[in-house]
Amino acid sequence: MAEASYQSISPSDFFYRNREIAGFSNPSRALYSAVRELLENSLDACEARRVPPDIYLRIREVLPSKGEEGPEVYSLRIEDNGTGIPDEYIPLCFGKVFYGSKYILRQSRGTFGLGGTITILYGQITTHKPVRVASSIGKEIHEYEMMIDIEHNEPIVLRHEVHENKKGWRGTIVELQLEGDYSRSMNKIYEYLKQTAMVCPYADITFVDPKGRLYRFERATDQMPPPPRAVKPHPKGVDVETLRRMVASTRARNMKAFMMEHFQGVGEVTAERFLNTASIDPRTPPGELGPEDIVKLVRAANDFEEFNRPDPSCLSPIGEELLGMGIKKELNLTDADFLMAVQRRPSTYLGFPFIVEAAMAHGRSLARQGFSGITLYRFANKIPLLFDESSCVIWKAVNRNINWSTYLVSPDTPLVVAVHVCSTKIPYKSVGKEFLADQPEVEREITNAIRQLARHLRLYISRSIRMARERRRLSVFERFLPKIAEFSAKLADKEEIPDITPLLRAVGADLEEVERRIKEVPQVVGEGC
Amino acid sequence: MSGKAVREADRQREMTELALKQLGSLVYEQIRAREFPWIMIQSRSTDNIIYDQELKQYILGDRLIRRHSRNIAHIRPFAQLIWTAWFSRELLRHRKTSTLREVYYSARGQRDIEFKDQDESDNIITDLETALSRPREDFNIYPEERSAIFGDLTIEYTVPGYEGKRMNLTEHPDGVMIGPALTSAEFIETSADKVLVIEKGAMFTRLVEERAHEKFNAILIHTAGQAPRSTRSIIQRLNQLGKMPVYIFTDGDPWGVHIAMVIISGSANAAHLRGLATPDAKWIGVWATDIVKYRLPTEKLTDMDIKRLKELKKDPRYGGELWQREIDLFIKLGVKAELEAFSRYGLTYIVDKYLPDKLEGA
Ligand SMILES: Nc1ncnc2c1ncn2[C@@H]1O[C@H](COP(=O)(O)OP(=O)(O)O)[C@@H](O)[C@H]1O
Ligand SMILES: [Mg+2]
């Protein structure tokens with residue numbers, strides 16, 4: 001019997017061996033995930049800097065596949081006008097898994113310091129080519145050429161140059177090579193960019209694809225949603241391990257001070273009341289807590305009902321106006337179409353704050369573009385979710401919780417439903433991060449948002465139906481009155497056909513009236529409830 | 001004599017043309033007055049169709065309805081009515097005749113007037129008849145089915161190209177078709193003293209061959225099933241003007257019975273018209289009683305037959321004793337007999353024996 005050998009592997013090594021769980025399972029999915037990760041980093045950086053994003057993305061074919069079908073090598077380049085990265089952090093940000101600037105409690109797309117790095121890792125293992133990064137925070141430009149030491153989860157810098165920055169450029173450029181399959185991922189990439197443009201109408205995105213085609217997603221506004229604030233954790237959102245680390249590193253002298261200093265919305269009274277229910281003396285120095293005390297505290301926090309609701313200021317919802325704007329521009333809607341967005345009030349699940357926003361669109365413009373039935377767009381923290389739709393709680397809310405016929409929606413009614421869930425912790429059901437789990441609180445908010453919109457939709461549809469009936473009615477007069485006039489004149493031996501315009505005007509006034517009433521349906525406004 | 005007939009026909013036509021023109025003027029002036037045009041006509045719905053005991057026919061009641069072009073459901077038939085009025089006047093003006101089917105086809109290609117089917121155009125024509133209280137024949141519109149007439153009757157045509165031309169109706173051994181020309185013709189003279197109406201063509205031909213017109217001194221008319229209106233109007237004229245009794249001879253089944261009744265009392269469909277019913281006409285067979293008496297070959301009554309007989313029994317026109325008795329007997333016997341059934345006694349039996357019997361009894 002061979003002796004077992006024990007070893008640990010580095011995080012880089014782990015993802016190298018398990019790249020499918022990060023979305024790099026095959027060449028077509030890998031190219032899509034690469035675009036997605038780099039684009040999200042760029043958008044995060046622009047939002048952190050609070051400037052409307054200007055993003056240029058290019059995919060170029062480097063090595064065609066050898067005649068037959070299969071993966072090819074592409075070069076991927078992305079340029080943004082975000083914060084840029086301070087020189088000393090550049091190699092770590094792109095050469096070390098689990099390194100990043102987003103470990104604070106504040107909504108952003110990236111979270112673990114994983115996405116960008118793993119993209120580079122994938123490029124490296126499929127092409128053995130280094131990544132090139134150029135970045136500036138407004139001073140000189142730093143350009144790096146580097147690879148990842150997978151075994152040690154360390155960057156290997158191959159080249160570092162410093163350039164003058166005469167124009168005062170700020171932002172980041174990343175260029176790498178990787179194996180991919182563009183023809184298979186083309187549709188998803190396009191869809192991803194389009195839906196991103198929908199929830200970021202303040203972004204300008206240019207994409208040049210390997211066939212040389214240019215796609216432009218133009219910004220519709222310079223207005224950006226208010227930035228999220230970093231907040232302290234809520235007592236209910238903390239697990240045993242996190243609490244252990246906090247206790248170990250705190251400078252607070254006793255538990256009462258500890259609670260007040262490290263958690264949101266905890267004052268003197270609440271701190272004392274809580275520690276009492278947890279039967280922990282408020283005067284205990286944090287360092288003296290044993291492991292069983294920590295478990296007790298976490299349990300007590302879950303049961304304690306007197307904490308404030310988690311602070312939602314760490315969230316960055318899109319807002320009703322911007323969401324409406326983005327959908328209108330990407331779906332080419334006109335003012336005659338129905339479009340409405342709502343933002344629900346902040347709510348919480350398991351100690352995490354979240355906000356649901358939803359928008360609904362319906363009308364002739366959609367019908368003309370071939371929409372039929374419900375088209376669902378799902379977003380989590382402004383990231384479009386394109387896979388596993390029917391496993392998602394949003395899908396469930398739309399297709400199981402709503403009886404559409406009460407809202408006059410039939411199976412072929414062209415209807416767009418967009419739902420955005422934002423939270424410091426999105427309840428993803430799996431590592432794939434493509435669909436949300438059935439958290440009852442989240443499901444309820446989604447369902448309510450859709451109901452709220454659907455009530456207005458119903459009004460619009462019933463008015464459209466009346467309008468169409470009215471139009472048909474009028475067209476009947478327009479058709480038959482001239483005939484009656486013509487033949488009565490002939491029958492009466494009159495030369496001149498009598499004028500029917502006064503009669504048409506008499507019925508035409510009704511149409512204007514109906515049109516006026518139908519225009520009263522609100523466009524892109526919410527109710528804020 | 002001849003000039004008078006033509007003048008009378010001309011006068012009738014001018015009156016009809018005038019009525020049509022007045023309809024046009026009415027509508028024309030309403031539009032000029034910035035009003036949605038409308039007309040009043042008698043309602044033809046079943047609750048406004050009443051059986052008049054004195055006239056012994058169906059008539060329309062007093063209820064009027066307004067056809068209003070402001071009404072979305074009326075405007076299309078309204079436009080069709082005005083078009084049909086115009087079309088009729090063109091017919092009269094150019095001295096042409098047309099058929100119901102032709103009217104339907106003439107509207108084809110008239111955008112927005114076009115009829116969905118012939119039922120629709122027939123219905124609009126009936127509206128026009130009701131609105132102007134004139135039968136469609138006055139508008140020179142005739143049905144397709146044509147029946148025939150044979151016997152010693154001299155007529156004088158009034159139709160264009162034949163004005164003043166005379167003909168004796170024994171000139172054609174197949175009989176003369178009852179069409180627009182005959183309907184508008186003047187009756188000049190006859191030696192006949194009765195009219196014999198037969199439901200079926202084959203029996204009509206047999207009677208002509210057997211010289212029944214001479215034997216019975218009768219004018220023979222063949223209705224080809226339900227008698228068309230023009231045929232009924234000729235029967236009525238022969239009865240009223242010529243003071244000739246009318247005898248009707250049909251199959252011995254509910255459908256034959258009803259053919260006779262429509263000639264006698266008219267139909268609900270034509271309740272808006274007069275001059276089509278001949279209340280004095282007599283149905284002489286084939287009765288249920290005859291089936292027994294002459295021991296005729298029979299067929300069983302079908303469910304449809306029995307249902308129809310029960311309906312007839314309740315119909316106000318069938319109140320008379322003869323009708324009730326025969327209907328009851330048909331139901332009791334459960335059988336029916338066709339005219340041809342008499343062939344069992346030889347081809348001439350019907351002329352030699354049956355008809356003399358029945359005419360004597362009538
Ligand atoms: N385009 C960029 N502009 C500025 N900073 C960036 C950019 N891309 C990546 N970074 C930095 O690199 C870190 C690591 O990125 P990544 O591996 O994608 O992880 P994550 O986005 O989850 O934090 C980020 O947290 C961010 O600080
Ligand atoms: Mg990232």
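Start your tour where the two chains meet: between chain B and chain A there are 4 salt bridges, each a side-chain nitrogen of Lys or Arg within 4 Å of a carboxyl oxygen of Asp or Glu. This is a predicted model, in which local features need pLDDT of at least 70, side-chain atom pairs count only at pLDDT 80 or more, and totals for chains, interfaces and linings use all residues. Residues are numbered from 1 along each chain as written, chains are lettered from A and ligands numbered from 1 in written order, and side-chain values use heavy atoms, without hydrogens and water.

Now select B:Asp112 and A:Arg479. Their side chains form a salt bridge, 3.1 Å from N to O.

Next, color helix H1 (2-32) and helix H2 (75-93) of chain B. These are the elements giving two or more residues to the side of chain B that touches chain A; helices here are DSSP runs of H or I, at least four residues long. H2(B) supplies the largest share of that side, 10 residues.

Then show the whole contact (heavy atoms within 4.5 Å). Chain B brings 30 residues and chain A brings 25 residues. How much area is buried between chain B and chain A? About 2500 Å², with 75% from carbon and sulfur atoms; this is the accessible area (1.4 Å probe) that the two parts lose on being put together, summed over both.

Finally, select chain B by itself. Of its 362 residues, 55% count as buried, meaning under 20% relative accessible area (1.4 Å probe, protein chains only).

Conventions. Buried < 20%, exposed > 50% of the residue type's maximum accessible area, 1.4 Å probe, protein only.
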